[in-house]
Amino acid sequence: MPGKWLKRTLVPLAVLSLAAVTACGDSSDPTQMETTDVSQPITISFFGSDPNATWNNMKDDVGQAITKATNVTVNAEYDVSGGGTQKISLMTASGEYPDMIFPKGSITKLVDAGALIDLTDLIDKYGPNIKKVYGDDLSRLQYSKEDPSIYVIPTNAGVGQTSFDAGGGFEIQNEVMKEMGYPKIKTVNDFEKVLKAYKEKHPTINGQPTIPLSLNADDWKIMITVTDPAVNATGGTPDGEFDINPKTYEARLHYKRPEDKEYFRWLNHMYNEGLLDPETFTQKNDQYLSKIASGRVLGLIDQEWDYQQAENSLKTSGMAERTYGHYPLQMTESTKDHSFQDAGPPVGYGIGITTSAKDPIRIIKFLDWMASDEAQVLNNWGVEGKHYEMKDGKRSMPAEIQDRRVNDNTNFTRESGIGMYNFSVRYGDGVKDPSGNYYTTNFPEQIVAGYTQPEKDALKAYGATTWKDLFPAKEEFPVKEWGAAYNLPAPSDPSYTVAFQKSQDIVRKRIPEAILASPDQFDSIYDQMIAELSTDDMKQMEAQYSQMIKDTVELWSQPVAAK
Amino acid sequence: MESTTKQASSRKRDQAASLNSRKTGGFWKLFKQQRYLYLMSVPFVIWAFIFSYVPLWGWLMAFQEYKPARSFFDQKWVGFDQFITLFQDQQFYLALRNTLAMSFLGLIFGFIFPVIFAILLNEVRGMVFKRTVQTVSYLPHFVSWVVVAGIVTKALSTDGGIINELLVSLHIIDQPIQFMAQGQWFWGIVTASDVWKEMGWSTIIYLAAITGIDQEQYEASRVDGAGRFRQMWHITLPGMRTTIIVLLIMSIGHLVSIGFEKQFLLGNNLVTDYSQVLDLYALKYGLEMNRYSYGTAISIFNSVISIILLFTANGIFKKTTKESIM
């Protein structure tokens with residue numbers, strides 16, 4: 001860390017002087033605002049915590065159109081992996097930030113370092129489109145009860161989103177269901193029976209041994225395919241690592257639910273029956289994907305975005321019948337899959353402006369433009385006349401564009417830039433613009449058009465149009481008062497973060513151990529884990545999290561006070 | 001750590017130079033004589049100062065509850081709190097054990113194999129064969145650990161992995177072994193892949209040392225009736241001794257800082273008790289949580305251990321073999 005001392009003395013100075021500059025800008029002095037002239041070209045630096053392999057430095061069609069309309073060029077850097085945590089730690093240590101940042105869960109670090117500016121007044125003055133899309137009640141965007149500033153504009157999820165398709169639940173190859181005569185399946189036992197029967201009939205597929213069920217436990221993916229499903233399959237609400245009592249808002253690690261233990265006991269049973277891939281906990285992400293792509297993994301418990309790559313290669317190599325269907329299975333028939341429970345307007349992950357930005361007003365104006373109808377259609381559909389056409393007031397993609405989009409997606413996205421500019425708040429699937437067309441390109445006709453024939457056959461057998469039709473609808477559940485807990489900024493105090501990290505280390509060690517144990521050892525290993533998760537520091541961590549949930553519910557229940 | 005050794009050795013050299021100068025009539029005379037040498041070393045002294053001494057200022061962080069974006073004077077001083085937390089954490093001791101175990105294994109095998117390989121390679125007479133073997137053996141050095149980890153996991157897989165297939169077809173085992181799932185195998189797997197990857201590369205320096213051995217010694221021994229093995233034992237090995245010892249002492253200084261790529265890439269949740277190393281621990285519980293002070297405390301601990309190990313090793317070798325780096 002060379003020259004740290006220099007930075008440590010100079011950066012606060014720089015921050016101070018910047019604060020003075022922005023303070024002038026905010027003091028509603030009209031002459032100051034003239035400086036943010038939108039006709040002047042400007043380059044905005046940006047860091048995104050998620051990888052983006054198709055970013056093309058705005059040389060794509062949509063990017064060119066954006067620069068033409070706003071005179072803004074975004075100079076973006078995306079994290080390669082790791083969700084930006086390390087990169088953002090280094091930023092806060094050095095005090096050097098890009099103008100705009102998408103910090104994901106690391107937002108707490110930036111706020112603690114005083115790196116993000118409060119957007120409340122900026123949105124109020126310069127954000128008519130942002131307010132139009134999000135709604136006037138911005139209270140949900142406030143950071144916390146102690147600090148009711150708005151630091152990020154949510155960009156990770158669409159407002160008013162109506163999902164038309166399901167990507168989670170339990171997956172079974174469409175070929176397997178076809179051969180079994182499309183049985184009605186409701187519980188994990190049905191799942192087990194189907195996999196077992198098919199495996200006995202077909203011990204090998206394409207000359208290699210059949211794998212009835214494989215999971216992906218590489219790094220954080222263990223949460224997606226091993227631990228989260230324990231909640232989803234037992235009627236719990238998806239809130240990340242915690243189980244939150246909807247009445248008292250008390251949070252506990254969800255592993256402490258007795259239902260969780262039964263789910264893991266079932267996985268233990270699957271392993272001992274020889275149905276769960278013994279390599280589940282040692283294989284790497286790419287090994288998992290290559291097994292799926294070979295067409296011999298009958299069942300998964302995953303999210304489509306995780307195994308999409310492998311499914312795409314199944315399609316291109318002519319094994320469309322080996323693609324997967326999604327089923328909302330439960331441990332017992334008495335519970336329901338909560339995947340589609342409404343979490344209210346999106347909060348959490350979004351884009352903020354840092355103290356390093358020289359012209360926050362210009363940036364917020366840009367972000368506001370990105371929330372306009374024009375920009376949203378541009379980002380989702382591309383350039384009119386090139387990527388889509390308006391015929392009799394109906395927006396549609398020509399067949400050859402559609403074809404490239406499905407079969408040559410990476411190159412197409414690089415060239416067109418479609419969907420790459422989610423820089424501001426936007427409408428989700430199922431929302432229509434003033435012309436009566438959908439803002440996004442995900443709507444039922446389009447989704448069904450993207451299904452393979454075996455998928456369509458399976459859906460027809462179950463009397464459904466999309467996989468979502470098999471899942472309980474969002475109307476069956478109340479709206480969650482705290483949104484989705486995994487999207488909320490978790491406490492940043494070391495007494496919380498250290499205990500939380502320890503709990504994760506314990507869980508990721510003990511759960512695989514318990515699943516791979518012999519059935520009579522399962523209880524003692526699981527109980528040992530619960531004991532390790534019940535120490536004083538763990539209880540204190542849970543209490544801190546409960547408090548955060550309570551504060552959130554309280555904060556959101558009051559409209560944002562005008563300043 | 002590397003820097004500390006360098007500083008230490010350069011300091012020694014300076015002292016030696018000044019001692020010499022006192023004998024031959026004054027430091028300034030010598031300085032004048034060797035002024036171009038001094039001039040040439042200036043950039044490196046500045047380099048060492050900037051990159052090795054200036055950052056030591058950051059060590060103060062370990063005694064604070066450091067928060068970013070605050071001036072040095074606004075930080076909260078906490079004395080030895082960070083160290084107390086560190087020494088009370090069970091995981092730290094686990095990480096320390098794993099680090100030392102894997103680095104000692106790496107040290108032992110990472111020395112024995114290249115030395116033996118260099119000697120054997122030296123005995124090969126066919127030049128083409130020798131060069132081919134050498135090139136093939138050091139190529140893995142240029143492959144990144146990400147790729148090596150992929151190869152190793154695939155080779156040890158129970159699902160068509162080459163090692164298991166081989167063992168099963170030779171009837172050594174009936175059932176494929178889950179190599180990657182056994183904690184007790186992990187140190188061995190790491191050491192073996194390390195040896196495979198680095199053996200050829202480390203051999204180069206020993207081969208160079210062997211080239212420096214006077215050929216007359218071999219001729220003399222042949223006249224005295226020494227066979228191939230006697231020559232290796234009495235001439236080649238002693239001829240390499242200085243190189244081996246210097247390299248050994250330097251690696252001992254690096255024992256604690258073995259990095260974490262191997263462990264991070266080869267490890268999985270089932271073997272964390274054996275794969276967690278200090279650098280990984282510092283990354284996870286320090287930097288990733290913005291606990292800069294805690295991370296600094298860990299690195300101070302590392303440096304102190306490294307210096308102790310280095311001086312101990314150096315002292316032992318100095319006493320027993322009269323070879324040392326300072």
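User: Which residues of α9(B) meet which residues of α11(B)?

Analyst: In this predicted model, B:Ile205, B:Tyr206, B:Ala209 and B:Ile210 of α9(B) meet B:Thr236, B:Gly239, B:Met240 and B:Thr243 of α11(B). Two residues are in contact if their C-beta atoms, placed from the backbone, lie within 7 Å. By class, this contact has five nonpolar, three polar and no charged residues. Ala, Val, Leu, Ile, Met, Phe, Trp, Tyr, Cys and Pro count as nonpolar, Asp, Glu, Lys and Arg as charged, and the others, Gly among them, as polar.

Residues are numbered from 1 along each chain as its sequence is written, while chains are lettered from A and ligands numbered from 1 in the order in which they are written. Because the model is predicted, local features need pLDDT of at least 70 and side-chain atom pairs count only at pLDDT 80 or more, whereas totals for chains, interfaces and linings use all residues.

User: What makes α9(B) oblique to α11(B)?

Analyst: The axes of helix α9 (residues 183-211) of chain B and helix α11 (residues 228-253) of chain B cross at roughly 120 degrees and come within 9 Å. That angle makes α9(B) oblique to α11(B): under 35 degrees counts as roughly parallel, over 145 as roughly antiparallel, 65 to 115 as roughly perpendicular, and the rest as oblique. The axes are lines fitted to C-alpha atoms, for helices over the stretch in contact, and angles run from 0 to 180 degrees between N-to-C directions. The helices themselves (H or I, at least four residues), like the strands (E, at least two), are DSSP runs numbered from the N terminus. The crossing is right-handed, a label given if the near helix is turned clockwise from the far one by less than a right angle, with anticlockwise giving left-handed.

User: Why is α11(B) called roughly antiparallel to α15(B)?

Analyst: Helix α15 (residues 292-321) of chain B packs against α11(B) at an angle of about 155 degrees, with the axes 7 Å apart. That value makes α11(B) roughly antiparallel to α15(B). The crossing is right-handed here as well. On the α11(B) side the contact uses B:Ile245, B:Ile249, B:Ile252 and B:Gly253, and among their partners in α15(B) are B:Leu309, B:Leu310 and B:Phe317. The classes are seven nonpolar, four polar and no charged residues.

User: What makes β8 and β12 of chain A edge strands?

Analyst: The open sheet has four strands in the order β8-β11-β5-β12 (chain A), with mixed pairing. β8 (211-213) and β12 (324-327) each have a single partner strand, so one side of each is left without a neighbour in the sheet. Two strands pair if DSSP finds at least two bridges between them. Strand β5 (residues 170-173) of chain A and β12(A) pair in the antiparallel sense over four bridges, with A:Ile172 opposite A:Gly325. Helix α9 (residues 188-201) of chain A lies across β5, β8 and β11 (297-300), running at about 175 degrees to β11(A).

User: How do you know that strand β1 of chain A is joined to strand β2 of chain A?

Analyst: Seven bridges join β1 (residues 42-48) to β2 (residues 72-78), and the two strands run parallel. A:Ile44 has A:Val74 as its bridge partner, and A:Phe46 has A:Ala76. On β3(A), A:Phe46 also stands opposite A:Met100, and β1(A) pairs with β3(A) in the parallel sense over three bridges. Strand β3 (residues 100-102) in turn is joined by two bridges to strand β13 (residues 350-353), running antiparallel, with A:Gly352 the partner of A:Ile101. These strands belong to an open sheet of five in the order β2-β1-β3-β13-β4 (chain A).

User: What is the side of chain A that touches chain B made of, by class?

Analyst: The contact takes 38 residues from chain A and 30 residues from chain B. The largest share of the chain A side, nine residues, comes from α20(A). Its residues divide into 16 nonpolar, 12 polar and 10 charged.
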